[in-house]
Number of protein chains: 2
Amino acid sequence: MAKFLTNKEENYAQWYNDLVIKADLAENSAVRGCMVIKPYGYAIWEHIQAQLDRMFKATGHVNAYFPLFIPKSFFSREASHVEGFAKECAVVTHYRLKMDENGKGIVVDPTAKLEEELIVRPTSETIIWNSYKNWIQSYRDLPILINQWANVVRWEMRTRLFLRTAEFLWQEGHTAHATKEEAVEETEKMIGVYSDFAENYMALPVIKGYKTENERFAGALDTYTIEALMQDGKALQAGTSHFLGQNFAKAFDVQFTDKSGKLDYVWATSWGLSTRMIGALIMAHSDNHGLVLPPKLAPLQVVIIPIFKADDQLAAISVKALALKTELEKAGFSVKYDDRENFKPGFKFADSELKGVPVRLAMGPRDLENGTVEVARRDTLEKETIPLNAVVGHLKKLMDDIQVNIFNKALKFRQENTFSIDTWKDFLEVIDNQGGFILAHWDGTSETEEKIKEETKATIRCIPFDAPPEEGKCIYSGRPSGKRVLFARSY
Amino acid sequence: MAKFLTNKEENYAQWYNDLVIKADLAENSAVRGCMVIKPYGYAIWEHIQAQLDRMFKATGHVNAYFPLFIPKSFFSREASHVEGFAKECAVVTHYRLKMDENGKGIVVDPTAKLEEELIVRPTSETIIWNSYKNWIQSYRDLPILINQWANVVRWEMRTRLFLRTAEFLWQEGHTAHATKEEAVEETEKMIGVYSDFAENYMALPVIKGYKTENERFAGALDTYTIEALMQDGKALQAGTSHFLGQNFAKAFDVQFTDKSGKLDYVWATSWGLSTRMIGALIMAHSDNHGLVLPPKLAPLQVVIIPIFKADDQLAAISVKALALKTELEKAGFSVKYDDRENFKPGFKFADSELKGVPVRLAMGPRDLENGTVEVARRDTLEKETIPLNAVVGHLKKLMDDIQVNIFNKALKFRQENTFSIDTWKDFLEVIDNQGGFILAHWDGTSETEEKIKEETKATIRCIPFDAPPEEGKCIYSGRPSGKRVLFARSY
């Protein structure tokens, strides 16, 4: 199986696409830019959803659901918001089909034209704040801490499976607060939740920081981001949390009476994380054998493969293997016994590697004799033989080891590919030849940022929260700068 | 709170709408026919989803996700399918907005017209079978047992919250099989899952049966349904499972090689259950005080309300109440301690009744002295005083009692409102004056079925699976009939 994968060192983009297809995660559909998320890919999304949902609820949020469609006029209300999304909106103009009278088959019924066009939501701030207007009168109605799991559509011209698709699945949090301080605190809390999720579940080290004005969400006063480094040296924005100030409250006239009886506009945040994260998961950890999935998000954590020649051997192995499966399931692992008849062990081994199953157990006639099982870990491909009665305890520890090892490997990669650069010449050389994260001084102007982008395709991924104050000169303009910011080419 | 509800005996439709709004389940949005599902309503849907998803997985199904949009041409491929859905399709024709040059604000960019219009899915058979074409070559690729959780759009002209909305949430199963027998078995299995879910979780007694040809899903050879009776004597179709034969396989040219090497078209089923079920839940069990929710699906199972005059009383009660809350949560109940400062106990009592919380615990100074708590059950509104140390055990039993009682009450209502009718005169009288289910003979023709519908608005809800053979004469035509079918007016 694995031989069908392009080597990632040869052609990273092709390796990625091969892997998504061969590991049965997703495929392109008949609709331009829209993907089909296949069961194995969707199972990863279900694990992401379940964990994030727990974290959202633990931080006081509840789920709700708002309409897919947004009246066109709603978009015009917040000027920078419409500017950010207008160019990629799918627009519903009619509500009926009919059989053509001239035999052209099914056509759009021209008499069923909508008075006002509807936009398929690219994000839901406008439709949600139009609802919040009716929900909020007093400070007693605040805060509102709502999350929505939904599909959204942005008409992207160049799409790639998971990373950039016209339709994608995501969650979008939309909160309303009585004070600026509380809204800022929420914005920070949620980038913290994303960072916790990325590092401790996806095993993906991230850098938290502020987006520059250029890179902010359309309509936000501040955007916080988590940025991860992929194995090809490109950055991937893995989640964002926006402080929206009173922009949407003003656009939709959402005012409340505060404790002192004064009217004020409501403060807002929004934050989102999408199926794009599956792309990040693949690109950060996987290798030329296939996926490497962190145990905490792997749909299948253990596969047991029987090694046999004769049917009576299989029967004897199956008894032990199924007992082990039950025992492992009781201990909380998700386990598959791969006793498919038409495939040889070698194929099954390769298949489990392609699918990124964290631990593979092999059981043959000699194992039966000795009361052992062969344990192979996916991340390092190392094998060892373990007494059957010690497997559960061993696997509990091993899963933790794998989770940590995958994270540490990605962290080491990032550390080795993060460069502190002080001259324009070095900047160009690193960007063109090595990629990775570049920490460099910047003069703080959008003009410089845009010129750097034009000349190198590198953008400022973020101004890291923890960037220490340091006097320096902008690598491009030479003007003074107080700290380094994070540059990279990105997905 | 409850006094704001219209009495259901006075105006059932208004009572329903009041209840949905006052209990904070959902509201109409700015988009015609689309609702906002508010957090409390969505929490019920999350419970429905979680349980159904467990049942689907236990029967071997996996989840996946297919595109929101369907190319218009796909619809034309299955003739009866397009006929069924063409009149209510939202159509995407453009993919960009722009700022109007003449100052009219944001307009649809006429240069961004799609070559082929896209339909917002009303159901996904066509886009899914277009994918299955690439997934299925041999009998080894079968069966495919996929479910999708998704939003769908049907441009309904008259809408009602949950019961009939332009956009709704649902799950749609789409399975592919090598033989007709296996597909029929799947169709039966899934109507069984729905029936199990309706009766044992929603506490909603249902009648399983076949739809008549007129009432079948557009594109199905057979539709199985579960039909429930609402308190106003109208029926509600609560879930359907369709045997699609080879219709979609033929429309999308999906053939496979069977074990003997012969090519054949693949056999299909589809089955769906939607947010409409929340409407059924409300209408089947609730009363003039508000919602009555079955414990198995209630977002909140227990509310604890402190009764106090002075602040030091509240402090003493809170210690006990919070300890009880923790104890109940450990036992698996979802519990809220309602210590809101600005509301009196009477308001909180009414609020817990409006929201349908199955069990309310009240704790006052006397309870502190006596080591007791007052337990009120929502379904019967009965109260009793229980020793504090017996509450957990008592509630375990009580929740089961409530679950069963709600079901039995609904079953009794249905039994009392199911009429075996033998003459057209009686049929008219019952339909006009009493409503309910009518078991009557029918001659088996669509013509008669349509005339009965025209004259009475009653439809054949189903031909019950368990209808015993019985010689009789059609109530409308007088022609011979071999068994009774189920008539009702319906939602």
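Me: Which residue in β12(A) is the bridge partner of I207(A)?

Reply: The bridge partner is E227(A). The model is predicted; local features require pLDDT of at least 70 and side-chain atom pairs pLDDT 80 or more, while totals for chains, interfaces and linings use all residues. Residues are numbered from 1 along each chain as its sequence is written, with chains lettered from A and ligands numbered from 1 in the order in which they are written.

Me: Why are β11(A) and β12(A) called paired strands?

Reply: Strands (DSSP runs of E, at least two residues; helices are runs of H or I, at least four, and both are numbered from the N terminus) pair if DSSP finds at least two bridges between them.

Me: Where do strands of chain A and chain B join?

Reply: β5(A) and β5(B), each residues 91-94, are joined by three bridges and run antiparallel. V92(A) stands opposite V92(B) there.

Me: How many residues of each chain are in contact?

Reply: In chain A 50 residues are in contact with 50 residues of chain B; contact requires C-beta atoms, placed from the backbone, within 7 Å. Strand β5(A) gives the largest share of the chain A side, four residues. By class, that side has 33 nonpolar, nine polar and eight charged residues.

Me: Why are α2(B) and α8(B) called roughly perpendicular?

Reply: The axes of α2(B) (residues 39-58) and α8(B) (residues 276-285) come within 10 Å and cross at roughly 105°. Angles of 65 to 115 degrees count as roughly perpendicular (under 35 roughly parallel, over 145 roughly antiparallel, the rest oblique), and the two helices are therefore roughly perpendicular to each other.

Me: Which residues of α2(B) and α8(B) meet?

Reply: G41(B), I44(B), W45(B) and I48(B) in α2(B) meet M277(B), I278(B) and L281(B) in α8(B). This contact has six nonpolar, one polar and no charged residues; Ala, Val, Leu, Ile, Met, Phe, Trp, Tyr, Cys and Pro count as nonpolar, Asp, Glu, Lys and Arg as charged, the others, Gly among them, as polar.

Notes. Axes are lines fitted to C-alpha atoms, for helices over the stretch in contact, and angles run from 0 to 180 degrees between N-to-C directions. Two residues are in contact if their C-beta atoms, placed from the backbone, lie within 7 Å.
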